[in-house]
Amino acid sequence: MNSNIKEQELIRGLSVNDKNVIEAIYKDNYGVIQSLILNNNGTEDDAKDIFQEALIVLYEKAKSGVFELNCQIKTYLYSVSKRLWLKRLQKNSRYELQSNGLEETVYVEEDLGLHEKRNSELGMMEHAMANIGEPCKSLLEAYYIHKQNMQEIAEAFGYTNSDNAKNQKYKCLIRLRKLFFAQYKNGNK
């Protein structure tokens, strides 16, 4: 029971991006994943990549606020890493997985599917942003990435007031949505 409480505390810490919790999860779990990858035709870099992706899947689940961990974090990360590595091996036609004794795994297909869908959508959004053109690209980046307020944007872009800047931002968002959803319908990146 005590270890279950610790696991839940780690999940809570992960959901708020607590650096100490992330380091603890990394320290406690990376070795197992590294062994899995190295014993199955992988490299140190592959192990780091796979562990990072698995940690992102766990982070996204923790961040959702509705995630209920039904196993140890180690088991969850191992299962996600194993599936990610199997997919990569199959993609590269190097499929031959050897286990290292941590046989308990959990079903993570749905989590991976959501993670891959989100990555695909982010790629489509990046593509739409790259094709939106100026001044829309710079204006949206100023507002959403650099967190500038409308008055700052109006001054930087030469608009007469913040209402005009807000109007332009709205038009840019409509344009961005059209570009994004045109790609989304076609399933292209």
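## Packing of α6 against α8

Axes here are lines fitted to C-alpha atoms, for helices over the stretch in contact, and the angle between two of them, taken between N-to-C directions, runs from 0 to 180 degrees. In this predicted model, α6 and α8 pack at an angle of about 110°, and their axes are 10 Å apart. Since angles of 65 to 115 degrees count as roughly perpendicular, α6 is therefore roughly perpendicular to α8.

On the α6 side, the contact is made by C136, L139, L140, Y143 and Y144, while α8 contributes A165, Q168, K169, C172, L173, R175 and L176. By class, the residues of this contact of α6 with α8 comprise nine that are nonpolar, one that is polar and two that are charged.

A search of the whole structure finds one disulfide, and it is formed by C136 and C172, whose sulfur atoms are 2.1 Å apart. The pair links distant parts of the chain, with C136 in helix α6 (residues 136-145) and C172 in helix α8, 36 residues apart. The torsion about the S-S bond of C136 and C172 is about -75°, so the disulfide is left-handed.

Both cysteines can also be described by their accessibility. C136 has a relative accessible area of 2% and is buried, and C172, at 0% relative accessibility, counts as buried; the cut-off for this class is under 20% relative accessible area. C136 and C172 are also listed among the residues that make the contact between α6 and α8.

## Packing of α7 against α8

Helix α8 (residues 162-186) also packs with helix α7 (residues 150-157), at an angle of about 90° and with the two axes 8 Å apart. The helices α7 and α8 are therefore roughly perpendicular to each other. From α7 the contact draws on M150, Q151, I153 and A154, and from α8 on S162, A165, K166 and K169. The contact of α7 with α8 consists, by class, of four nonpolar, two polar and two charged residues.

## Nonpolar cores

The largest nonpolar core has 29 residues, and those with the most contacts inside it are I25, L58, I73, Y76 and L77. The elements that give two or more residues to this core are α1 (2-15), α2 (19-38), α3 (44-64) and α4 (73-91). When neighbours within four places in sequence are left aside, I73 is in contact with E7, L10, I11, I25, N29 and L58.

## Overall architecture

The protein chain has eight helices and zero strands, so that, from the N terminus on, its elements run α-α-α-α-α-α-α-α. Of the 189 residues of the protein chain, 34% count as buried. Among contacts in the protein chain between residues at least 6 apart in sequence, 66% join residues at least 24 apart.

## E9 in helix α1

E9 lies in helix α1 and is partly exposed, with a relative accessible area of 47%. The C-alpha atoms of E9 and V21 are separated by 8.9 Å, and the two residues are 12 residues apart along the chain.

Key
Residues numbered from 1 in each chain as written. Predicted model: local features only at pLDDT ≥ 70, side-chain atom pairs only at ≥ 80, totals over all residues. Heavy atoms only, no water. Helix = DSSP H or I, 4+ residues; strand = E, 2+ residues; numbered from the N terminus. Parallel < 35°, antiparallel > 145°, perpendicular 65-115°, else oblique. Contact = heavy atoms within 4.5 Å. Nonpolar A, V, L, I, M, F, W, Y, C, P; charged D, E, K, R; others polar. Disulfide = S-S within 2.5 Å. Buried < 20%, exposed > 50% of the residue type's maximum accessible area, 1.4 Å probe, protein only. Core = buried A, V, L, I, M, F, W, Y, C linked by side-chain atoms within 4.5 Å.
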